[in-house]
Amino acid sequence: MKVLLSADAIAARVRTLGAQIARDHRARAGEDEELVLVCVLKGAFVFAADLARALDVPLRVEFLGVQSYGEATASSGDVRLTLDLGHSIAGKHVLLVEDIVDTGLTLSYLLGMLRARGPASLTTCALLDKPSRRRVEGGADHVGFAIGDVFVVGYGLDHAGLYRNLPYIGVLEA
Ligand code: IMP
């Protein structure tokens, strides 16, 4: 496994992202307003747990489950909801947290679905971005790292269900 982003590099970036997002949220919503962090399962669970602890705002956490890949390493373009939110987000300030934006199909599907539920605001954050592979326009509002066209695992990201527990992000070697 080749290390692309070390645990230390990720931790430093997550702290910066947390501070930025908290500052933007306070400016948008006001000092004491709650933020609802929506973690997209499964890939974002590690990132969301760290990001939540870097967000110094009144925070609620919700989960959405999506599946788009099956066992393949290329997007099927077919996004399936496997778990829905436990509470309404109508009138709430929402932060959608994704592991990686690749083709952009998952993000665009989720944005459409969540916007229709009437949040007060909807902001997106992805740890990783692969801009060269985009098939639909747009990306996340906040991005941890832009990377090239490589398949990465670790820190929540998997290949066929494995490697999510690696503390760093690595590139699978053949
Ligand atoms: P998209 O719909 O093509 O943008 O892909 C979104 C989902 O595909 C992400 O949330 C990931 O779960 C998965 N994915 C995309 N690229 C990678 C990768 O390099 N490693 C692991 N999972 C990936």
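Select D102 and the ligand: a backbone N or O atom of D102 lies 2.9 Å from an oxygen atom of the ligand, within the 3.5 Å limit that defines a polar contact between N or O atoms. The model is predicted, so local features need pLDDT of at least 70 and side-chain atom pairs count only at pLDDT 80 or more, while totals for chains, interfaces and linings use all residues. Residues are numbered from 1 along each chain as its sequence is written, and side-chain values use heavy atoms, with hydrogens and water left out.

Next, select D99, where a side-chain N or O atom is 2.5 Å from an oxygen atom of the ligand. Then turn to T106: an N or O atom of its side chain is 2.5 Å from an oxygen atom of the ligand. The protein covers 93% of the 490 Å² of accessible area (Shrake-Rupley method, 1.4 Å probe) that the ligand has on its own.

Colour strand β5 (93-101) and helix α3 (105-115), the elements that give two or more residues to the shell; strands are DSSP runs (E) of at least two residues and helices runs (H or I) of at least four. The largest share, four residues, comes from β5.

Finally, move to helix α2 (45-53), where F47, A48 and L51 are buried, that is, under 20% relative accessible area (1.4 Å probe, protein chains only). These residues lie on the same side of α2, because they cover an arc of only 95 degrees around the axis.

Methods: Polar contact = N/O pair within 3.5 Å; in protein donor to acceptor, adjacent residues only side chain to side chain. Buried < 20%, exposed > 50% of the residue type's maximum accessible area, 1.4 Å probe, protein only. Arc of directions from axis to C-beta.
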